[in-house]
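The following report describes a two-chain model, moving from the contact between the chains to details within each of them.

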Amino acid sequence: MQVKKTTLAEAASLVSDGDVVALQNMATQAAPMAMVRELIRQQRRELGLVCLVGGIALDWLAAAGCMNRFTGNAVSMEQFGLAQHYRHAVEDGRICMEELSETALLARLGAGARNLPFLPTRGMIGTDLIDINENLTMLEDPFGGPPVVACRALVPDVALIHCHRADRHGNVQYEPTALWPDVGIMPKAARRVIVTTEQIVDSDVLRANPDRTVLPGFMVDAVVEVPWGAHPTSFNPLYGYDAALHLAWVAAAGSDNDVAAFLESYVYGPDDHEAYLAAVGGAERMAALARWEAG
Amino acid sequence: MGTPAYLDSPPAGDWTVDELMIAVLASCFSDGDQACNGMASFLPVAAFQLAKLTHAPDLVWLAGAVGLEPRPGPIPASTLEAPLWRDALMYVEQYGDFWTLALNGRWLQKFCVGAAQLDRFGNANNSVIGGDFHAPKVRLPGTAGLADMGSLDKRLYYWNPNHNPRSLVAKVDFVSCAGYLGGGDERERLGLSGGPELVVTNLCVLDFEPDSKHMRLRSVHPDVTLEQVLEATGFEPVLPPGDVPTTPEPTAEQVRLIREVIDPHGMRHREFRRR
């Protein structure tokens, strides 16, 4: 089997300016944040993001000027409120949002994964979401039932996911946890897949529990070991979200200077992931998050 | 078995409106129903747990639309994160499991909806306020699962802890969750069954007039006047004939369960805008 193990900097070179990037993320959960920070440091531009519910990752990408379009269900940091930079960029017309219902996004990605032109859903009928979106159209049921909504296939250029463990060939395992659809379908729809993982292990470790393997290595282009790689989002069951860092970001949002200082401290400044972890509180802070105490 | 304690329990006396809203929402869910919740949904989560602890022990709860029948501790700061679904019987995967169950129609027939705007025909908006969709005055979080639930023959239960003329409007700026659309039989003509059933706010309870599908005042909470409700509503709701009924107070036992067992950290108060 091919060896896919690499570094964050090398893996990020698989993402080009203008790419459509599918990002694992559910509000405050499970985003591949180390890879997101690397893309910001490398100053990627005009990215299109795809998320179920985008959180702080989207707000950082928006604040750093890395993205100009988004396809997904919602953008929210839940208890930490709206993603203000993302929101204002949409209001100013700097980011174009394609807003889809959950079944519509799953249909678009499912069609992309299976090389179908579209998949239908019964969601959204009667709403204003259909007419404004060229990727959606009402379709007569060829078998005589009520009409459905056809959702055009979506094939992201690259999918970014974060997992609990993988081997150096890119075979991916998750611990028992919520498997959001961004794990089940996003990487299968995308042309390239970049995996960050809490731990790279010997393949024999995966063989002990093959039922935990959710993605085969042949689909994966790069795998990078990044412990605490989802911080400041949570990664169940290993660690909770970092409420303090979310709140610090929210507090900075009102002032350009504060935003620049925040990004310098936590995104541009630290030379590598280890330096980032030191900047956000080091081993002591991570231990508290592992006890889910800081949320 | 015997009579459940809450039925024998007198009115609480010192209840607050969050507890009353939870008790009203709880009364909408019965044994045999399946309920699920999304983000920042403290009142529905408390209501499902209250129903399970009182009149509906066989109500099935999919916490965060992920964890089947968890054994939750006190309601945590997030209604989507793992602490809410601890000790679940099953993790329901959204792509393979959750939306299959929800789309099927046999399951998850009731859904609680919270949204920034709700109009007189029960259409909801969590997308944009003012301006053009692509250059809105205010970009809201987005529809997420609401645009599905509104069109999937579900019975919808709205909760709104901040009843004012901007949240209860004559017509939503954008329909991101289908209610009765333009009213009358418009929803039916699109082939959609189900629809909005009830609206529970911090001032009153509303339902929908069966023919026009226009929102109708059902009861006003104790210590709230009809004038206050009308002033806070961006349209004229249909009024019931005669005196407007008063919403029943929660019982002492319901209030005790909410305060001591379900939500001792008071997360439910986060839904109410500070005055």
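Two residues are taken to be in contact if their C-beta atoms, placed from the backbone, lie within 7 Å. By that criterion, 42 residues of chain B are in contact with 46 residues of chain A. This is a predicted model, in which local features need pLDDT of at least 70 and side-chain atom pairs count only at pLDDT 80 or more, while totals for chains, interfaces and linings use all residues. Residues are numbered from 1 along each chain as its sequence is written, and chains are lettered from A and ligands numbered from 1 in the order in which they are written.

**The side of chain B that touches chain A**

Secondary structure elements are DSSP runs numbered from the N terminus, with helices being H or I runs of at least four residues and strands being E runs of at least two. On the side of chain B that touches chain A, at least two residues each are supplied by α4 (94–104), β9 (135–139) and α5 (146–149) of chain B, and the largest share, five residues, comes from α4(B). This side of chain B divides into 25 nonpolar, 12 polar and five charged residues, where Ala, Val, Leu, Ile, Met, Phe, Trp, Tyr, Cys and Pro count as nonpolar, Asp, Glu, Lys and Arg as charged, and the others, Gly among them, as polar.

For the burial values, a residue is buried if 20 or more other C-beta atoms lie within 10 Å of its own, exposed if 12 or fewer, and partly exposed in between, with C-beta atoms placed from the backbone.

| Property | Chain A | Chain B |
|---|---|---|
| Helices and strands | 12 helices, 13 strands | eight helices, 14 strands |
| Buried residues | 53% of 295 residues | 55% of 275 residues |
| C-alpha extent along the principal axes | about 60 × 50 × 35 Å | roughly 50 × 50 × 35 Å |

The radius of gyration is taken over C-alpha atoms, and the globule rule is 2.2 Å times the number of residues to the power 0.38. For chain A, with 295 residues, the radius of gyration of 19 Å agrees with the value near 19 Å that a compact globule would have. Among contacts in chain A between residues at least 6 apart in sequence, 74% join residues at least 24 apart. In chain B, residues 24 or more positions apart account for 69% of the contacts with a separation of 6 or more.

**Domains of chain A**

The domain assignment, whose bounds come from an automatic or database source, gives domain 1 (8–103 + 155–290) and domain 2 (104–152) of chain A. Their C-alpha centres lie 28 Å apart, and the contact takes 15 residues from domain 1 and 15 residues from domain 2. On the side of domain 1 that touches domain 2, the elements giving two or more residues are β3 (67–75), β4 (96–99), α5 (102–113) and α7 (186–189) of chain A; of these, α7(A) gives the most, with three residues. The residues on this side of domain 1 divide into seven nonpolar, four polar and four charged.

A:Gly112 lies in helix α5 of chain A and counts as buried because 23 C-beta neighbours fall inside 10 Å. Leaving aside residues up to four places away in sequence, A:Gly112 touches A:Ala153, A:Leu154, A:Val155 and A:Ala189. A:Gly112 and A:Met186 are 74 residues apart in sequence, yet their C-alpha atoms are 9.0 Å apart in space.

**An enclosed helix in chain A**

Helix α2 (residues 33–41) of chain A has eight of its nine residues buried, so it is largely enclosed by the rest of the structure. The buried residues are A:Met33, A:Ala34, A:Met35, A:Val36, A:Arg37, A:Glu38, A:Leu39 and A:Ile40. What covers them includes α1 (8–12), α3 (56–63), β8 (158–163), β11 (192–197), α10 (256–268) and α11 (273–279) of chain A. The helix is followed by A:Gln43, whose phi is positive, near 55°.

Two strands pair if DSSP finds at least two bridges between them. In chain B, β1 (residues 34–36) and β2 (residues 60–63) pair in the parallel sense over three bridges, with B:Cys36 standing opposite B:Leu62 of β2(B). Together with helix α3 (residues 42–53) of chain B, these strands make a right-handed β-α-β unit; a crossover is right-handed if, with the strands pointing away from the viewer, the path from the first strand over the helix to the second runs clockwise.

β2(B) is also joined by two bridges to strand β3 (residues 67–68) of chain B, and these two strands run antiparallel. Here the bridge partner of B:Leu62 is B:Leu68. The hairpin of β2(B) and β3(B) has three residues between the strands, and B:Gly64 takes a positive phi near 65° in this hairpin.
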